Amino acid sequence: IYRSTTSTTLPSFLLVGPSGAGKTALLTLFERGQHAETRTSQVPLSVEVSLPVSTKAVSSKYRSVNDPSNQAHKKFLLADTPGHGKLRHHAFDSVIKPQNLKGIIFMVDAADMSMGTSGAGNEPLHQAAEYLHDILLLLQKRSTRSKTSKAPRELPVLIAANKLDLFTALPPPLVKTALESEISNVRSSRATGLLDSGIGMNDLDIGEEKEWLGNGGDGKFEFSQMDEVNIAVSVAGGNVLGADESDVKQWWDWIAGNL
Ligand code: GTP
Ligand code: MG
């Protein structure tokens, strides 16, 4: 199987999210069609993945099934990054590096946030929200910056609520609202300077245009506030592992819809 860490013209998707979310497990499943043991990642890893024949890329929707150019559109690169707090610069670097990036998958362990409400010491939720806030802020800056030269490129973000096989897992709509309300908290703490601005965000040299995430004023943060900067955020659940079998169909569909 072909592995590469160099840039290529293949369309690519970036896998980010907290440690233990299941990113490498998903990469392994997509690459090999079956699950394998993983250990926590320390370096980024890109693999070439083929869309399953049952899932059709949006770019080949109107082509005949016999069209040979279908083949060329079914492949993409999936770039896995380490989720550990001290290794997230790999993910931030991958967001800003020039490449054929088609979308970002932010994976969370839905069974790790099942306390639901924000505050009250739900540390995994807070960690996830902080990381997602930083990624979205980076994308927002990238987009507002490119507005001056050319039209901002669309970049969709999928929040993949993983581990739905576990009975403690929060359903995807609740993962969404829990993250939104915790991001509201992160955003206001950042604004009042109570927290550091995370790992190396200031070293990324993408200008100081806007430090406030979203356009919704200082009310509640909602993912729909990212639409204005051409970042469509959606949430879909699934599980890489499970007693019966994996369920990754919604994530395949999202990838196909953006490929
Ligand atoms: P880092 O590399 O540290 O950033 O973590 P990661 O996101 O790559 O996590 P990884 O893929 O290594 O998975 C962490 C653990 O979760 C592993 O033990 C997986 O087997 C387990 N896991 C992944 N997906 C699922 C799932 O859908 N359900 C269950 N029950 N366990 C899962
Ligand atoms: Mg990993």
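What follows is a chat about a predicted model of a protein chain with a ligand.

Me: How many helices and strands are in the protein chain?
Reply: The protein chain has six helices and six strands. This is a predicted model.

Me: In what order do the elements run from the N terminus?
Reply: They run β-α-β-α-β-α-β-α-β-α-β-α.

Me: What share of the contacts is between residues 24 or more positions apart?
Reply: Counting contacts with a separation of 6 or more, 79% join residues 24 or more positions apart.

Me: And how much of the protein chain is buried?
Reply: Of its 259 residues, 37% are buried.

Me: Why is β5 described as largely enclosed?
Reply: Because six of the six residues of β5 (residues 157–162) are buried, the strand is largely enclosed by the rest of the structure.

Me: Which strands pair with β5?
Reply: Strand β4 (residues 101–109) runs parallel to β5 and is joined to it by six bridges. Strand β6 (residues 233–237) also pairs with β5 in the parallel sense, over five bridges.

Me: Which residue is the bridge partner of V108 in β5?
Reply: A161 is the partner of V108. On the β6 side, I159 has V235 as its bridge partner.

Me: Switching to the largest nonpolar core. Which residues touch the most other members?
Reply: F106, V108, I159 and V175 do, out of 59 residues in that core. Helix α4 (residues 123–146) gives the most to this core, nine residues.

Me: What is V175 in contact with, leaving aside neighbours within four places in sequence?
Reply: V175 is in contact with V108, A110, M113, I159, A161, L170 and V235. V175 is also one of the buried residues of helix α5.

Me: What does α5 look like, in residues and reach?
Reply: Helix α5 (residues 172–191) has 20 residues and reaches 28 Å from its first C-alpha to its last, close to the 28 Å expected at 1.5 Å a residue.

Me: Which other residues of α5 are buried?
Reply: Besides V175, the buried residues of α5 are A178, L179, E180, E182, I183, S184, V186, R187 and R190.

Me: Now backbone angles. What is phi at K163?
Reply: K163 has a positive phi of about 70°, although it is not a glycine. K163 lies in the loop between β5 and α5.

Me: Is K163 buried or exposed?
Reply: K163 counts as buried because it has 24 C-beta neighbours inside 10 Å, the cut-off for buried being 20 or more.

Me: And N230, what is its phi?
Reply: Phi of N230 is near 65°, a positive value in a residue other than glycine. N230 is in the loop between α5 and β6. With 17 C-beta neighbours inside 10 Å, N230 counts as partly exposed.

Me: Last topic, ligand 1. Which residues come nearest?
Reply: S19, G22, T24, S41 and G83 come nearest, of 21 residues around ligand 1.

Me: How do the shell residues divide by type?
Reply: The shell around ligand 1 has six nonpolar, 12 polar and three charged residues.

Me: Which element gives the largest share?
Reply: Helix α1 (residues 23–32) does, with three residues of the shell.

Conventions. Residues are numbered from 1 along each chain as its sequence is written. Chains are lettered from A and ligands numbered from 1 in the order in which they are written. This is a predicted model: local features need pLDDT of at least 70, side-chain atom pairs count only at pLDDT 80 or more; totals for chains, interfaces and linings use all residues. Helices (H or I, at least four residues) and strands (E, at least two) are DSSP runs, numbered from the N terminus. The expected span of a helix is 1.5 Å times one less than its number of residues. A residue is buried if 20 or more other C-beta atoms lie within 10 Å of its own, exposed if 12 or fewer, and partly exposed in between; C-beta atoms are placed from the backbone. A nonpolar core is a set of buried Ala, Val, Leu, Ile, Met, Phe, Trp, Tyr and Cys residues joined through C-beta atoms within 7 Å. Two residues are in contact if their C-beta atoms, placed from the backbone, lie within 7 Å. A residue is near a molecule or strand if its C-beta atom, placed from the backbone, lies within 6 Å of it. Ala, Val, Leu, Ile, Met, Phe, Trp, Tyr, Cys and Pro count as nonpolar, Asp, Glu, Lys and Arg as charged, and the others, Gly among them, as polar. Two strands pair if DSSP finds at least two bridges between them.
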